[in-house]
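I opened the model and made notes as I went. The entries follow in the order of looking.

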Amino acid sequence: MHVVFFLLLGASLARFLLRHAWEDRSPWIIALSGALAALYLLGPVLGTRATPRRIAWLCTVVAVWVVLVVLAPSFAWCAVPLFYTGLRTLPHRAALVLVALLTAFVVFAQVQLSHGGWDPNLIVAPPAVAALATGVFVHADRQAARQRALIDDLIRTRRELAAIERREGTLAERQRLSMEIHDTLAQGLSSQQMLLQAADRTWDSDPGTARRHVRTAESIAEHNLAEARRFVHDLAPADLAGGGGLEQALRGLAARESADFRVDGTPVPLPDRAQSALLRIAQGALANIREHAAATSAALTLTYLDDQVVLDVADDGSGFDPSAPRADEGVRGHGLPAMRVRARQLGGTLTVESTPGEGTVLSAAIPLAPPTEARP
């Protein structure tokens, strides 16, 4: 639009100089053309907002152009770029008033150029051009406003989604931390507490047994310290860190908890997440047996099937009704809910079969990955 303005201004000045002999008004027209060009160059420096300086500049430009049109009607068509300048700068109503004023002077100039001859186009064409220019600008301005609103909505939605993702990530991490703490540190501290209480009761009557309880508590504390260090660094459980795999880790866990352990089926490599989840489930199940079941024996069974691996933890303890709410639920830890979450995260299931007085069997089934997904 700026280029068009200067082209129209130069063409109008050239037309005037070519069609008119040098006369008294010629120096004024040349000077006003130069002044109008200089004033127009200041427009981009002042910005596009309707500030007092911008409005004063626009009024000055229009005034100089009006004088030029009165002196030389050839400059009338410079009004088209001024239409857009006014529409961009002023509020819509004020801009429409300015467009009407400019259009009136264009009509006046066209009538002057016709030398008194009547031509309907001289009356109809300038308003039609002004209406077309105004309509195009208003439509484009509304489209731009809709696009700005849409972009603002998209940016706001993206920020909200990012906040939701951060919040969900925080909640997921909190859940992971709570399960890890329950299955490692909390269970270990509970075992140590029970052992130290037993040692305190037998310290005077049976010092040898008390010392064994203390040494066992010390061993559990050492193991929990290793778990805590790996837990902080988000590594695998300490029992899996040695590289012996899930079976060796479960065998060591069973030995510490005085439980039996066996493997059925043909072992296959398992993802690290599945190994960690099954080991944590076994730790939680044996901790529940130790604290609640009053069992005399417990057994771990790891079974490899064609499409899944199953971990069974059985005991001959007091049992319970799985459908009845526990009295300490919400006070104690995450026990069974945490185990179910671990199994569900890997697409597996966790089932508990128990009857009061007849023991409990907990079964965690994790699907094996298809061959195409198991490849590195």
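I looked up residues 90-109 and found their end C-alpha atoms 25 Å apart, with 90% helix and 0% strand. Helices here are DSSP runs of H or I with at least four residues, strands are runs of E with at least two, and both are numbered from the N terminus. The model is predicted, so I noted that local features need pLDDT of at least 70, side-chain atom pairs count only at pLDDT 80 or more, and totals for chains, interfaces and linings use all residues. Numbering starts from 1 along each chain as its sequence is written, and side-chain values use heavy atoms, without hydrogens and water.

I then took residues 29-48: their end C-alpha atoms lie 28 Å apart, and the span is 90% helix and 0% strand.

Next I turned to Arg 54, which lies in helix 3 (residues 52-71). Is Arg 54 buried or exposed? I read a relative accessible area of 2%, so Arg 54 is buried (under 20%; exposed is over 50%, partly exposed in between, with a 1.4 Å probe and protein chains only).

I listed what Arg 54 touches, leaving out residues up to four places away in sequence: among them are Gly 43, Pro 44, Thr 85 and Arg 88. Contact means heavy atoms within 4.5 Å.

I checked Pro 44 again: Pro 44 and Arg 54 are ten residues apart in sequence and 9.7 Å apart in space, C-alpha to C-alpha. I also found the side chain of Arg 54 reaching the backbone oxygen of Gly 43 at 2.9 Å.

Key: Polar contact = N/O pair within 3.5 Å; in protein donor to acceptor, adjacent residues only side chain to side chain.
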